[in-house]
Amino acid sequence: MKVSESNFSRRAFLNTARAATLSLCASPLLSTMANASLREKKGAKIDFDTGPARTGFVSDDRYLLHTQGARHPESPERLRAIHRQLKSSGLDKKITPIAPVIDPLPYIRLVHSEAHMDRVRKQAHDEAICRLAVSGALSAVDAVCSGKVRNAFCAIRPPGHHAANNGEFGFCFYNNIAVAARYAQQKHQLAKILIVDWDYHHGDGTEWAFYEDPSVLVFSTHALYAFPGSGAADKTGSGDGEGFNINVPLPRGADDRAIIRAFTERLVPAAESFQPDLVLISAGFDAREDDPLGDFNITDAGFAQLTELMMTMAATYANSRVVSILEGGYNTRGLALAVESHVQALLGA
Ligand SMILES: [Zn+2]
C-alpha cells in the first residue's frame with residue numbers, strides 16, 4: 001500500500017498525541033496544539049514506496065579509535081554496542097550507509113576560534129577523529145539535503161554539544177551539531193535550523209553558539225541540577241536571538257510523560273511559529289532509564305515517540321529533513337536499545 005507523507009505525518013502525530021494525551025489525562029492544550037498543527041500541514045507529497053531511501057546511518061571504524069583513557073564512560077564500546085544491536089535486529093540491512101567524507105575545517109571555523117582549535121589539538125591525541133565526527137554530521141546533512149536519504153542518524157563520537165571555545169568540555173571537543181547547522185545554512189542555503197537536544201545534560205555549547213542568532217532555534221530538555229549547571233528556563237536568548245533559545249529543565253526521575261509534555265507544550269508551538277527548514281537532533285541517550293550518568297527514566301518507547309514527533313515536525317515544515325546526531329548515553333546496553341528504537345522510528349518501521 002502506498003502511504004503519502006501527509007498521511008504518515010498525520011498518523012505519526014496522532015499516535016504521539018494519543019499516547020501523550022492518555023498519559024496527560026486528555027490535556028486540552030495538547031489537543032488544541034495537535035489540531036492546530038494538523039490544520040497547518042503543508043502536505044508534502046513524497047511517496048514512501050518511490051521516494052529516496054529512508055534513513056542514512058553515519059558510521060566509521062575510526063570513531064572507535066578515540067579514547068579518553070581506560071574506564072572513561074565515553075568509550076568506544078558505546079558504538080560497538082550500537083553496531084551489534086543494529087546487526088542483531090536486522091536494522092543494519094535497512095539503513096543506507098553514509099561515510100564521513102566532507103572536509104569540516106572551513107565549517108568548524110564558523111563556530112570555533114583558532115585558539116579553541118589549538119587547544120583541542122593539544123588536548124586530544126586523536127584530534128583527527130574529533131574532526132571526523134564533525135565530518136560525519138556534515139556528510140549526513142549532505143545526504144539528507146540532496147535527497148539521497150530522507151533522514152539520518154550519526155553514530156559518531158566524540159560527542160559535541162558541550163563544546164564552545166574553551167577547549168574540551170564534558171567529553172566534547174568540536175560542537176558537531178552547531179557546525180552541522182552552519183554547514184546547512186552555508187552549503188545548502190537552508191535559512192532556519194531547529195536544534196532539539198534531549199540529552200540528560202544541558203547543551204551549553206550549542207546554546208552558546210546560537211544565543212544571539214534568530215536563524216537557529218535551540219530547544220533543550222535536561223536536568224538543571226546536573227553538569228554543566230546551565231540551562232535555566234529564563235535563558236531565552238539575547239539581542240536578535242531573544243526568544244530563540246528554549247530551555248525546559250526537568251525534575252529528577254523525569255519520565256516519558258514529562259518529556260513528551262515538554263515537547264508538546266513548548267516545542268510544538270515554537271516550531272509552528274519558527275517553521276524550520278531542517279531539524280537537527282542532539283540525540284543524547286543518557287536521559288534513558290538506568291543510565292549511570294543520569295537520573296531520568298525515559299524508555300526506549302519514549303524515545304521512539306519523541307522521534308516520531310520530530311519526524312512529523314520535519315514533514316510539516318522541513319520536507320522531512322531530519323539529521324540526528326549521537327551525544328551522550330553511557331549504559332552501553334541501554335544506549336544500543338535506545339538507538340535501535342530511535343532508528344526504527346526514523347525508518348518508519
Ligand atoms: Zn549527556
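The model is predicted. Helix α9 spans residues 256-274 and helix α10 spans residues 300-317. Of the 18 residues of α10, 16 are buried.

**Packing of α9 and α10**

- The two helix axes come within 10 Å and cross at roughly 10°.
- Angles under 35 degrees count as roughly parallel, and α9 and α10 are therefore roughly parallel to each other.
- On the α9 side, the contact is made by Asp 256, Ile 259, Ile 260, Phe 263 and Ala 271.
- On the α10 side, these residues meet Ala 301, Gly 302, Gln 305, Leu 306, Leu 309, Met 313 and Tyr 317.
- By class, the residues of this contact are 9 nonpolar, 2 polar and 1 charged.
- An α-helix has 3.6 residues a turn, so residues three or four places apart point the same way.

**Helix α10**

- From its first C-alpha to its last, α10 reaches 26 Å, close to the 26 Å expected for its 18 residues at 1.5 Å a residue.
- Helix α10 is largely enclosed by the rest of the structure, because 16 of its 18 residues are buried.
- Asn 319 follows α10 and has a positive phi, near 50°.

- Val 149 belongs to strand β3, which covers residues 149-154.
- Val 149 has 23 other C-beta atoms within 10 Å; the cut-off for a buried residue is 20 or more, so Val 149 is buried.
- Val 149 and Arg 321 lie 172 residues apart along the chain, and their C-alpha atoms are separated by 8.8 Å.

How values were computed. Residues are numbered from 1 along each chain as its sequence is written. This is a predicted model: local features need pLDDT of at least 70, side-chain atom pairs count only at pLDDT 80 or more; totals for chains, interfaces and linings use all residues. Axes are lines fitted to C-alpha atoms, for helices over the stretch in contact, and angles run from 0 to 180 degrees between N-to-C directions. Helices (H or I, at least four residues) and strands (E, at least two) are DSSP runs, numbered from the N terminus. Angles under 35 degrees count as roughly parallel, over 145 as roughly antiparallel, 65 to 115 as roughly perpendicular and the rest as oblique. Two residues are in contact if their C-beta atoms, placed from the backbone, lie within 7 Å. Ala, Val, Leu, Ile, Met, Phe, Trp, Tyr, Cys and Pro count as nonpolar, Asp, Glu, Lys and Arg as charged, and the others, Gly among them, as polar. The expected span of a helix is 1.5 Å times one less than its number of residues. A residue is buried if 20 or more other C-beta atoms lie within 10 Å of its own, exposed if 12 or fewer, and partly exposed in between; C-beta atoms are placed from the backbone.
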